[in-house]
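Have the model open beside you as you read.

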Amino acid sequence: MEKTIMALTHSPTPISFTNPNPNRSFRFSSPLLRTPYFGPTLSSTLIAKTPFNSRSRNSTRNSVKCSVSEATEAVKEAREAAREAASERRNQLMRRSDIRNIAIVAHVDHGKTTLVDSMLRQAKVFRDNQVVQERIMDSNDLERERGITILSKNTSITYKDTKINIIDTPGHSDFGGEVERVLNMVEGVLLVVDSVEGPMPQTRFVLKKALEFGHAVVVVVNKIDRPSACPEFVVNSTFELFIELNASDEQCDFQVIYASGIKGKAGLAPDNLADDLGPLFESIVRCIPGPHIDKDGPLQMLATNIEYDEHKGRIAIGRLHAGVLRRGMDVKVCTTEDTCRYAKVNELFVYEKFSRVAAEAVEAGDICAVCGIDNIQIGETIADKISGTPLPAIKVEEPTVKMAFSINTSPFVGREGKYVTSRNLRDRLYRELERNLAMKVEDGETSDTFLVSGRGTLHITILIENMRREGYEFMVGPPKVINKRVDDKLLEPYEIASVEVPEEHMGSVVELLGKRRGLMFDMEGLGSEGTTHLKYRIPTRGLLGLRNAILTASRGTAILNTIFDSYGPWAGDMSTRDQGSLVAFEDGTTSSYALSSSQERGQLFVSPGVDVYKGQIVGIHQRSGDLALNVCKRKAATNVRSNKDVSVVLDTPLEYSLDDCIEYIEEDELVEQVLVPGVVNVYSIDPAKLYTITQKIGKMSLISSALFNLHEWAGDNASLVTEDLSIFIRKATYIVWRLR
């Protein structure tokens, strides 16, 4: 493979950008934006079109020119052609000026939802005497408990006769599918960036998707009131990110707003904030374009989200692209040109302030909710009954992690669960696909096992937790990465891991990431707090169970963030857990007497008085390999009296959440999800039976390994496999399976 060397040379060509310096004048190319509505006058410099350009990393942002390979040139030319074609189509449409549709995107914990709270309060959505909880957009119980946004949600405000439809999106990389869906409904995004951390992995992901859609971007440097804020560095880093993602010259000319979401203040300079969010609202109205619509064309609306109401049934949410939608109207629901069905709109709603309001008609460009269409799916088009045509379907990136769901077979089955059969489990999992486009479900090797694939372990554990609260009782296996085979080469997913760790713990963290096949490609210090920012490219396998390990290595001070990068060559074998498990020896109730001696073998998960069963994991062994313990034995009653009862001192048991248990288990272990909040049982697959078999047949592992290699060889050389050899492989596999 030929290598392309990037040659960078300085060029005097001026470029457009947004500078955090308030003393520098700005000028936008649009005549509307030259009027100084607020703060300093906004401006930009028109850019002479050059075939390819990049920009230096210094604060002056001098233009640099780089020679690129022909492949890169072809890709850029194709993108430019697509943008020009899209621009021509948009020029044929009219633009609606009284509506702005925006999505608020950011990395997790950068303050999106808090900023939306302040926007709603200052837009007088709530009464002055109304009691409003914090993070009002996080209405889901699970969101409020975990402190993260899981589902995208719609709301709207009115500012100077302009309706602003706002979509709050998740910030965690595992829920990137939610962001990809809602970007179909908007024309611009507010990119919220922390004033200390700057652009993070999820910032890159959401910005990349927004730029691919051609959306306008307003950068909001949030938490500007933090003591260690460095706004100039954050703006420059964000500008570099735009360049790395091949943003157009118009997109690079982004407006920067400095804000404190919790205080409800914003401004054009970090040291000169207004008393309210007026500058932010003005930037939205002036820098985010109105929706392109075909007002007189045939009806077109893409269902981007689905909600369910007990009385109204399925509710389709989306933006009206063309025509007018009326209540009681007969429509056609299309998936493709050849797949359409007819339906009727029973009820119609629009978003006003913080609620849905019934409407008789909705014009193109607005976001609305439609009731009355049975079995409507995300990605389907609600079109005119006679001349309507479908819109392009929604596409999201493929999942990278899978887990096996199966019915509960432990002795505790049916104690608390309402839905315990494989039919219940199957119906619920396939119903999840109707709303969660980034997830996949397929049947497993047995009739009661299902393979669920998602963007990450958090993506799947949120589904597990929701199912538990709905009354489902089941078991899940350890997470596994989804590999690919291209040109007879095994590829596995890689992710970019960003770690913030104090300098005194950096050595142990670097050693831990190195053992998991991580490759460091960037390291820099952050502020004056003695914190180091590390960036690694690491296999997704190496991230399984890493979060707890890295917290232990850094004494709880490290912060880990990850985002999917690409597929790469198989990195080789790696060990994710060095310690074994402590397994209950028999059924019964744990006692203080038994636990006092058991805790010398490792750390326990259980306390006295807890029901356990044979095979349940009750702790972490201090050495490698599993160890069976009797945690239920009682002190023998004798006729010898003691003058004083011996007091038993027990260590505090480890409390593992669902996420911790999923990260902990290995290939021969399962997690049993029961209905008691906070209770998760982890157990090994019949460990006592495995112990007896391994004692009697010491070469079983070698036989299994040889059969596995023989299976792989037979799959790769099917033409060489004779009928006799095929029969031998099947018989040997069956015998080994029966012995196990």
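**Notes on the model**

1. The protein has 18 helices and 41 strands (helices are DSSP runs of H or I with at least four residues, strands are E runs with at least two, and both are numbered from the N terminus). Keep in mind that this is a predicted model, where local features need pLDDT of at least 70, side-chain atom pairs count only at pLDDT 80 or more, and totals for chains, interfaces and linings use all residues. Residues are numbered from 1 along each chain as its sequence is written, and side-chain values use heavy atoms, with hydrogens and water left out.

2. Some overall numbers next. Of the protein's 740 residues, 49% count as buried (buried is under 20% relative accessible area, exposed is over 50%, and partly exposed is in between, with a 1.4 Å probe and protein chains only). The accessible surface comes to about 37,100 Å², and carbon and sulfur atoms hold 50% of that (areas are from the Shrake-Rupley method with a 1.4 Å probe; for residues, only the protein chains shown count as cover). Among contacts with a separation of 6 or more, 71% are between residues 24 or more positions apart (contact means heavy atoms within 4.5 Å).

3. Seven of the seven residues of S8 (residues 188–194) are buried, so the strand is largely enclosed by the rest of the structure. Both faces are covered: Gly188, Leu190, Val192 and Asp194 are buried on one side, and Val189, Leu191 and Val193 are buried on the other.

4. Who are the neighbours of S8? Strand S5 (residues 99–106) runs parallel to S8 and is joined to it by five bridges (two strands pair if DSSP finds at least two bridges between them). Across that pairing, Ile104 sits opposite Leu190. S8 also pairs with strand S9 (residues 216–222), again in the parallel sense, over seven bridges. There, Val192 faces Val220.

5. Together with helix H5 (residues 201–212), S8 and S9 form a right-handed β-α-β unit (right-handed if, with the strands pointing away from the viewer, the path from the first strand over the helix to the second runs clockwise).

6. Helix H8 is another enclosed element. 10 of the 10 residues of H8 (residues 278–287) are buried, so this helix is largely enclosed by the rest of the structure.

7. On cysteines: the structure holds zero disulfides (a disulfide is a pair of cysteine sulfur atoms within 2.5 Å). Cys252 counts as buried because its relative accessibility is 0%.

8. Strand S34 (residues 581–584) pairs with S39 in the parallel sense over three bridges, and Ala584 has Leu629 as its bridge partner in S39.

9. For an antiparallel example, see strands S14 (residues 305–309) and S15 (residues 313–322), which pair over five bridges. A hairpin of three residues joins S14 to S15. Within this pairing, Glu307 has Ile315 in S15 as its bridge partner.

10. Thr540 belongs to helix H12 (residues 540–543). With 2% relative accessibility, Thr540 counts as buried. Beyond its neighbours within four places in sequence, Thr540 is in contact with Val401, Val481, Pro493, Tyr494 and Glu495.

11. Two backbone spots to check. Most residues other than glycine have a negative phi. Asp161, however, has a positive phi near 65 degrees; it lies in the loop between strands S6 (153–159) and S7 (162–168) and is exposed, with a relative accessible area of 74%. Asp488 also has a positive phi near 65 degrees. Asp488 lies in the loop between strands S29 (484–486) and S30 (489–502), and its relative accessible area of 71% makes it exposed.
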